[in-house]
Amino acid sequence: MAPERDSNAGVRHERPGSDWDDRFLATPIARDLACHYISAIPEGYKQDVDPGSAPNDIARLERLGRDVIDLALERSPGSSAEWRLTLYLGGRSASLSEVLPILQSLGVEVLDERPYVIANTGGIDGRIYRFSLRYPEQMLPPQLDDAAFARRFTDTCAAIWHGRAEADRFNELVPRAGLDHRQVTVLRAYANYLRQGEFPYSRAHIASVLGEHPGLTGGLLELFEARFDPYARASAADPLLELLEDGIAAVPGLDADRILRGYLSVIRATLRTNHYVHAEPDAWTCLSFKFDPQRIPELPAPRPRFEIYAYSPRVEGVHMRFGTVARGGLRWSDRKEDFRTEVLGLAKAQAVKNAVIVPAGAKGGFVVKRPPAPTGDPAADREEVRAEGVRCYRSFIAGLLDLTDNLDLTTGAVIVPPNVRRHDGDDTYLVVAADKGTATFSDIANDVAARYGFWLGDAFASGGSVGYDHKALGITARGAWESVKRHFRELGVDTRSEDFTVAGVGDMSGDVFGNGMLASRHIRLVAAFDHRHIFLDPNPDPALSFTERSRLFEKPRSSWADYAPELISKGGGVWERTSKAVPISDEVRAALGLPDDITRMTPPELVRAILRAPVDLLWNGGIGTYVKASTETHLDVGDKNNDAVRVDGAEVRARIVGEGGNLGFTQRGRIEYAQAGGRINTDALDNSAGVDCSDHEVNIKILLDALVGSGRLATAERNDLLAAMATEVSRLVLADNTSQNQLMGTSRARAAASIAVHGRLIQHLEATTGLDRELEVLPSKKEIGARQRGGQALTSPELATLLAHVKLGIQADLLAGDLPDSPAFADDLAHYFPRQLREEYGDAIADHPLRREIVATVLTNNVVDNGGITYAYRLSEESGASNADAVRAFAVVAAVFDLPTLWRDIRGSGLSAELADELIVLSRRLLDRASRWMLTQRPQPLAVGAEIRRFRSQIAELTPHVAGWLSGSDAADLHARTTALTDRGVPEELAARVSLLLDQFALLDIVEVAEISGRQPASVAEVYYLLGQRLGVVPQLVAVSRLERGTKWNALARVALRDELYATIRALCQDVLVDGEPGERAEDVIGGWEHRSAARLDRTQRILGAISESGDRDLAALSVATRQLRALAR
């Protein structure tokens, strides 16, 4: 409908023609211009416009080029509310649908519009559009500078026209609050960020509240400018804060109060912005803010350590980091309304996943806000969408780098971004990685970083053309397959030689799904689905189907529709997800475990059936959340796209789940599935190899780039060397996955017996690291108690979460101290890198900028994976040791007793998972006791290198003789333990080594006593072991180990009693040796002592005998027995 013309909008001139022309020629305008425009100006213009006003229009027309616009705004003569806007446009016309939304967003009512077409002297058809506008009452302030307002108004219109600003109600702040369009953009961006953070108010309502409180709105902008304008006085912010607090407190409405306080929170929590970096940003320039989310109460938990939000009319995105040194992928999200929620969930998983690598967790995502309109040509549309995505990705990356400090690699000096005022410390570490939709974007990101001269070079985005291609390496799937193999091994299945059935999420073109489904030639993939198709092959031939899957994997952009139909078994096929219904054959019914009366299913029904299929393995290599807990709603899950196909954890009938993809299950869904008997870890643990590989790549590139910079390595050599090390890097990465899965196996095996200490550990992490049980879906203290009473344990997903937080806590503690700087751990740093780098550039490794972080990560993984989830905590509980103390003790004990060799031999023995786990747990008993001994008997903090030198060679020399020094019941016990293991299939030599471990523990005391007494360690050992046998110390120790350990105090009492028994035999050994002669036989030395101590020894033996006869083996009886033995010492 055409707008109604206002009678006051202008004056019609009734004397067109020659009279108008004459008057026009009389104006001060160049003759050649006048001649041109007399013929170019249409009659309608001459009727509407006074000739004296035409030169102004002509001057603007002459400046027009194609697609160039110009605008002028002036108050209508004699009116306080009406204005006249003139829009000049070169080369094309403008429709009302283009212009009206812009004007209406500024709060005006459009009364009239008159268009004119006039060609300028450059041959450009210029168009003039005159609009009569009216502002509602109270929209404009009473005291208005017309010229300044006109400039702000027209600048805003131009910014919207060129795509630099959006047309929405925030533009009403131009008239109502006196803001310009860039100030409005700041407020709009903050509002969008708050909305992404689950702020409950609509954008329109937020804009309305700001407009209703122009004074406070202006004050918020003043605060922003005082904090971030590089030329403003920083001290001006404090008085503004006080004024704003008082002003907001006086606002009567609750909504207004919350909205204004929300703005105050985000402005105060903003650490940096690029608002002053770009004088007049274009449509592709993001406005970026760096936040400290901990200071924004409006945000949901968890709150990252740092977060950058980038905004422009074409793209928005967030990047979250849970530490200063952090890494994770950037995804192309399709969740425009809640992409932050998606990224936050992924970032939370990434933070846990990154427990195994150097950086903390990070994650980013962006949305394309103005995708190209479809043309009907799928190929062309796909390319256009990708091109827009690349442009948005570049813009987003630039927005991140605008706020990131750079580093001068020559001097090590930090370079602050120009015109960025910082409210935080130096922050130079920013890396990104591929993710959903950005798998091929690494070179693009590195190109943007190169334009900034960013210090990380092509290490900024791993996996580019000079980097490790995760799909080619298959690294993420291979890492997750280590979890699958471990689960199958616990079931007694070898995936390398035995067929097994699989249902899957994904297709063969995908990295994780495709590589996973090529991990074994014995896979029988009976069903799979992705967003396009459903694949059914109820009775596949393993060999033929493997070959066909390989073909699809190699075919670019393949889908299940490309699977050769003749290779699909009877009753199977491929159907599109858009099909009305899918026929269900007898064979499919059997494969999916469906009732006999099911003959047809809709695609959503069939997808749910696949997720519930009674297969050996459910392999998730896709995108989306498909399994929740029965206690959760679909809304809780936050993945609307898959609401129609999602099932509950208790419904999943697969024996094993492998999570190659992210977020396939909710954590509650995993726990429900595990409690129903399923075998599953977490996505964070299963698919950590991808980020582990990227981290290795980045750290290797940092090292190599330093070598290139110093002239020791040419760029071409650097790239060749990087490629040559791919196989070894993969081996190093997969070793982490293998190690974590071995730990998970032993943890599951001991979970029920460890429920009490797991409960105490969770409490400890709550108190020391801020662990949130509810957020991490860990059981409450009450639930822990109920499980303990019911003989239940933490499930595997809960153990995986606990494991990650233990690692994160230890790593943080190590970095807070000086332990990573110790020369004793130089080898741990070196062995993080491939052999060729160690051999050729070992000196450069020692100077790596992230050497402390690498050492802390390697030590943490080694200690936890081999010592157990509760190792460091129990040492703290039992001896007050810090995490750093525990790491030192582990390093000493592992080296002194050569435990890594023993662990390697156990894991390589080919034994069943159950038996190998048992042997590992037995070895940890020595580790625990020896670690506690080191922390209580040796000077603190332990001098790692010195302690290893003190004990290792002597213990290695004494160990082969220990079995020979045992006698009587002790020797018989050793033989019985060894025989019990060999009878179960443990190789004899390995069984003997494991059975001897606890007897070896005494060698620490023996070496100490030998040094104090001046005797040979072998002589001391003979006396020690014989004395222990005569006094029945081993049965006492066995009895102590059988005491209840449920509560903390039970556990501490057991430890104290055991330590007292060991201290007693040590003291008695010293006593016995005092009166013996060097070289005297152990029998004679002890006989002499027994003769001299006959009375005391007789009394002790009577009491011990009475205790033995009573059958009491509780804490009281064993304490009395220990005190009696102690009384024998002088």
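These legends walk you through several close-up views of a predicted model.

In this predicted model, local features need pLDDT of at least 70 and side-chain atom pairs count only at pLDDT 80 or more, while totals for chains, interfaces and linings use all residues. Residues are numbered from 1 along each chain as its sequence is written, and side-chain values use heavy atoms, with hydrogens and water left out.

**View 1. Helices α1 and α2 pack against each other.** Look here for α1 (residues 18–25) and α2 (residues 31–40), whose axes are 10 Å apart at an angle of about 160°. Helices (H or I, at least four residues) and strands (E, at least two) are DSSP runs, numbered from the N terminus. Axes are lines fitted to C-alpha atoms, for helices over the stretch in contact, and angles run from 0 to 180 degrees between N-to-C directions. That angle makes α1 roughly antiparallel to α2; angles under 35 degrees count as roughly parallel, over 145 as roughly antiparallel, 65 to 115 as roughly perpendicular and the rest as oblique. On the α1 side, Asp21, Phe24 and Leu25 make the contact, and they meet Arg31, Ala34, Tyr37 and Ile38 of α2. Contact means heavy atoms within 4.5 Å. Sorted by class, this contact has five nonpolar, no polar and two charged residues. Here Ala, Val, Leu, Ile, Met, Phe, Trp, Tyr, Cys and Pro count as nonpolar, Asp, Glu, Lys and Arg as charged, and the others, Gly among them, as polar.

**View 2. Residues 79–138 carry a domain annotation in UniProt.** The unreviewed entry lists this span as "domain: NAD-glutamate dehydrogenase ACT3". UniProt positions are given in the numbering used here, feature names are shortened, and annotations may be inferred rather than shown by experiment. Over these residues the chain is 50% strand and 17% helix, and the end C-alpha atoms are 15 Å apart.

**View 3. Six strands form an open sheet.** Follow the order β17-β16-β15-β14-β20-β23, where the pairing is mixed. Two strands pair if DSSP finds at least two bridges between them. At the edges are β17 (573–576) and β23 (656–659), each pairing on one side only. From one strand to the next, the twist averages 20°. Helix α21 (residues 603–611) packs on the sheet and touches β14 (500–505), β15, β16, β17 and β20 (617–620); the direction of α21 makes about 50° with that of β16. Strands β15 (residues 523–529) and β16 (residues 533–536) run antiparallel and are joined by three bridges. Opposite phenylalanine 529 you will find isoleucine 534 in β16.

**View 4. Helices α27 and α38 cross.** The axes of α27 (residues 726–749) and α38 (residues 913–937) come within 10 Å and cross at roughly 85°. This makes α27 roughly perpendicular to α38. Leu743, Gly745, Thr746 and Ala749 of α27 touch Asp917, Ile920, Val921 and Arg924 of α38. By class, the contact of α27 with α38 has four nonpolar, two polar and two charged residues.

View 5. Most residues other than glycine have a negative phi, and most peptide bonds are trans. Alanine 301 and proline 302 are joined by a cis peptide bond, with omega about -5°; proline 302 sits in the loop between β6 (287–291) and β7 (306–311). Asparagine 419 has a positive phi of about 60° although it is not a glycine, and asparagine 419 lies in the loop between β13 (414–415) and α15 (442–451).
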